[in-house]
Amino acid sequence: MEEKQDLCELEKSNDIIKEADKGGAIMIMKKIDYHSSMLDIVNDISAFTEISCIQVDDIINKINTLLYDLQVMNDTSLELFMYLTVFHPTILILYGIPKIQKSIHRPPMRPTVSGRGWITEAISVYLQCQLSKYLKHVKSYIKDTADF
(Lines give C-alpha, C1' and ligand atoms only; values in the text may rest on other atoms or scores of the structure.)
Protein backbone atom coordinates (compact mmCIF):
# COMPACT_ATOMS: atom_id res chain seq x y z
CA MET A 1 0.00 0.00 0.00
CA GLU A 2 2.90 2.35 0.76
CA GLU A 3 4.35 1.78 -2.73
CA LYS A 4 1.05 2.75 -4.34
CA GLN A 5 0.93 5.95 -2.30
CA ASP A 6 4.54 6.73 -3.26
CA LEU A 7 3.74 6.20 -6.93
CA CYS A 8 0.70 8.49 -6.68
CA GLU A 9 2.84 11.21 -5.06
CA LEU A 10 5.50 10.79 -7.72
CA GLU A 11 2.88 11.09 -10.44
CA LYS A 12 1.67 14.40 -8.92
CA SER A 13 5.19 15.77 -8.55
CA ASN A 14 7.03 17.97 -11.02
CA ASP A 15 9.48 15.18 -11.83
CA ILE A 16 10.14 13.27 -15.02
CA ILE A 17 10.61 9.51 -15.02
CA LYS A 18 12.85 8.19 -17.81
CA GLU A 19 14.43 4.86 -18.56
CA ALA A 20 18.21 5.21 -18.54
CA ASP A 21 20.36 4.74 -21.62
CA LYS A 22 21.94 1.50 -20.38
CA GLY A 23 21.32 -1.12 -17.75
CA GLY A 24 17.53 -0.87 -17.57
CA ALA A 25 17.66 1.63 -14.68
CA ILE A 26 14.95 4.20 -14.10
CA MET A 27 15.90 7.85 -13.57
CA ILE A 28 13.75 10.37 -11.73
CA MET A 29 14.72 13.96 -12.54
CA LYS A 30 13.36 17.39 -11.85
CA LYS A 31 11.45 18.62 -14.88
CA ILE A 32 13.50 21.82 -14.96
CA ASP A 33 16.77 19.81 -15.12
CA TYR A 34 15.43 17.66 -17.97
CA HIS A 35 14.26 20.71 -19.92
CA SER A 36 17.57 22.46 -19.32
CA SER A 37 19.51 19.46 -20.65
CA MET A 38 17.27 19.23 -23.69
CA LEU A 39 17.63 22.95 -24.41
CA ASP A 40 21.41 22.53 -24.29
CA ILE A 41 21.10 19.85 -26.98
CA VAL A 42 18.68 21.79 -29.19
CA ASN A 43 20.73 24.99 -28.93
CA ASP A 44 23.87 23.21 -30.15
CA ILE A 45 24.04 24.64 -33.66
CA SER A 46 26.70 22.12 -34.66
CA ALA A 47 24.12 19.33 -34.21
CA PHE A 48 20.74 20.91 -34.95
CA THR A 49 19.40 23.51 -37.34
CA GLU A 50 16.07 25.18 -36.80
CA ILE A 51 13.76 25.06 -39.79
CA SER A 52 10.54 26.93 -40.44
CA CYS A 53 7.04 25.53 -40.92
CA ILE A 54 7.38 26.43 -44.61
CA GLN A 55 10.51 24.25 -44.86
CA VAL A 56 8.67 21.37 -43.16
CA ASP A 57 5.81 21.74 -45.66
CA ASP A 58 8.35 21.77 -48.51
CA ILE A 59 9.83 18.47 -47.30
CA ILE A 60 6.39 16.89 -47.07
CA ASN A 61 5.42 18.18 -50.53
CA LYS A 62 8.66 16.94 -52.13
CA ILE A 63 8.21 13.44 -50.73
CA ASN A 64 4.54 13.30 -51.72
CA THR A 65 5.40 14.53 -55.22
CA LEU A 66 8.14 11.92 -55.59
CA LEU A 67 5.79 9.13 -54.49
CA TYR A 68 3.04 10.39 -56.80
CA ASP A 69 5.45 10.58 -59.74
CA LEU A 70 6.61 7.00 -59.08
CA GLN A 71 3.02 5.81 -59.14
CA VAL A 72 2.05 7.80 -62.25
CA MET A 73 5.12 6.51 -64.14
CA ASN A 74 4.09 2.95 -63.15
CA ASP A 75 7.36 2.50 -61.23
CA THR A 76 5.33 1.32 -58.25
CA SER A 77 1.95 -0.27 -57.72
CA LEU A 78 -1.05 1.60 -56.38
CA GLU A 79 -0.95 -0.63 -53.27
CA LEU A 80 2.69 0.27 -52.57
CA PHE A 81 1.96 3.94 -53.25
CA MET A 82 -0.91 3.86 -50.73
CA TYR A 83 1.31 2.11 -48.16
CA LEU A 84 4.20 4.56 -48.56
CA THR A 85 2.06 7.70 -48.55
CA VAL A 86 1.42 9.29 -45.16
CA PHE A 87 -1.61 11.51 -45.66
CA HIS A 88 -1.53 13.24 -42.27
CA PRO A 89 2.07 13.24 -41.05
CA THR A 90 2.90 14.14 -37.48
CA ILE A 91 5.84 16.27 -36.45
CA LEU A 92 8.98 14.54 -35.17
CA ILE A 93 9.41 14.42 -31.40
CA LEU A 94 12.79 14.93 -29.76
CA TYR A 95 13.35 13.47 -26.33
CA GLY A 96 16.36 12.67 -24.19
CA ILE A 97 17.45 9.46 -22.54
CA PRO A 98 19.70 9.97 -19.50
CA LYS A 99 23.21 8.55 -19.78
CA ILE A 100 23.62 7.58 -16.14
CA GLN A 101 26.86 5.74 -16.92
CA LYS A 102 28.40 9.22 -17.47
CA SER A 103 26.94 10.91 -14.38
CA ILE A 104 24.23 9.95 -11.95
CA HIS A 105 23.62 13.44 -10.54
CA ARG A 106 23.17 15.45 -13.75
CA PRO A 107 23.51 12.97 -16.59
CA PRO A 108 23.90 14.15 -20.15
CA MET A 109 21.08 13.19 -22.46
CA ARG A 110 21.23 10.96 -25.51
CA PRO A 111 18.98 12.76 -27.98
CA THR A 112 16.45 10.51 -29.65
CA VAL A 113 14.00 11.46 -32.37
CA SER A 114 10.70 9.64 -32.70
CA GLY A 115 9.60 9.55 -36.31
CA ARG A 116 6.37 7.67 -35.68
CA GLY A 117 3.77 9.06 -38.06
CA TRP A 118 6.29 11.25 -39.91
CA ILE A 119 6.20 11.44 -43.70
CA THR A 120 9.13 9.00 -44.08
CA GLU A 121 8.03 6.34 -41.57
CA ALA A 122 6.51 3.91 -44.09
CA ILE A 123 9.35 4.52 -46.57
CA SER A 124 11.88 3.66 -43.84
CA VAL A 125 10.08 0.43 -42.94
CA TYR A 126 9.83 -0.55 -46.61
CA LEU A 127 13.52 0.15 -47.28
CA GLN A 128 14.60 -1.72 -44.16
CA CYS A 129 12.65 -4.78 -45.31
CA GLN A 130 14.04 -4.56 -48.85
CA LEU A 131 17.66 -3.93 -47.86
CA SER A 132 17.91 -6.35 -44.93
CA LYS A 133 18.13 -9.34 -47.30
CA TYR A 134 21.27 -7.87 -48.87
CA LEU A 135 22.96 -6.42 -45.77
CA LYS A 136 23.58 -9.83 -44.23
CA HIS A 137 26.06 -10.53 -47.02
CA VAL A 138 28.10 -7.35 -46.49
CA LYS A 139 31.36 -7.97 -44.57
CA SER A 140 30.87 -4.96 -42.29
CA TYR A 141 27.28 -5.90 -41.36
CA ILE A 142 26.65 -6.04 -37.61
CA LYS A 143 23.33 -7.54 -36.58
CA ASP A 144 23.29 -6.19 -33.02
CA THR A 145 25.57 -5.40 -30.08
CA ALA A 146 26.21 -9.09 -29.34
CA ASP A 147 27.35 -9.53 -32.94
CA PHE A 148 29.91 -6.74 -32.48
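Start by selecting D69, which lies in helix α3 (residues 53–72); helices (H or I, at least four residues) and strands (E, at least two) are DSSP runs, numbered from the N terminus. This is a predicted model, in which local features need pLDDT of at least 70 and side-chain atom pairs count only at pLDDT 80 or more, while totals for chains, interfaces and linings use all residues. Residues are numbered from 1 along each chain as its sequence is written, and side-chain values use heavy atoms, with hydrogens and water left out.

D69 is partly exposed, with a relative accessible area of 39%; buried means under 20% relative accessible area, exposed over 50%, and partly exposed in between (1.4 Å probe, protein chains only).

Next, select N74, in the loop between α3 and α4 (78–84). N74 is exposed, at 65% relative accessible area. Its phi is positive, about 60 degrees, although N74 is not a glycine. Most residues other than glycine have a negative phi.

Now turn to the salt bridges. The whole structure has two of them, a salt bridge being a side-chain nitrogen of Lys or Arg within 4 Å of a carboxyl oxygen of Asp or Glu. Select K30 and D15, whose closest N and O atoms are 3.3 Å apart. K30 is in strand β2 (residues 26–30) and D15 in strand β1 (residues 15–19), 15 residues apart. K30 is partly exposed, at 48%.

Then select R110 and D21, which meet in a salt bridge of 2.6 Å, N to O. R110 lies in strand β4 (residues 109–114) and D21 in the loop between β1 and β2, so the pair ties together parts 89 residues apart in sequence. D21 counts as buried at 19% relative accessibility, whereas R110 is partly exposed at 33%.

For the surface, select E2, E3, D6 and E9, which form a negative patch. Patches are made of residues with over 30% relative accessible area and no salt bridge, with like charges joined within 9 Å and nonpolar side chains (Val, Leu, Ile, Met, Phe, Trp, Tyr) within 5 Å. E9 sits in helix α1 (residues 2–12) and is partly exposed, at 47%.

Finish with L127, L131, Y134, L135, V138 and Y141, a nonpolar surface patch with about 560 Å² of accessible area together; accessible areas come from the Shrake-Rupley method with a 1.4 Å probe. L135 belongs to helix α5 (residues 121–135).

Terms used:
Lys and Arg count as positive and Asp and Glu as negative; His and the chain ends are not counted. The place of a charge is taken as NZ of Lys, CZ of Arg, CG of Asp or CD of Glu.
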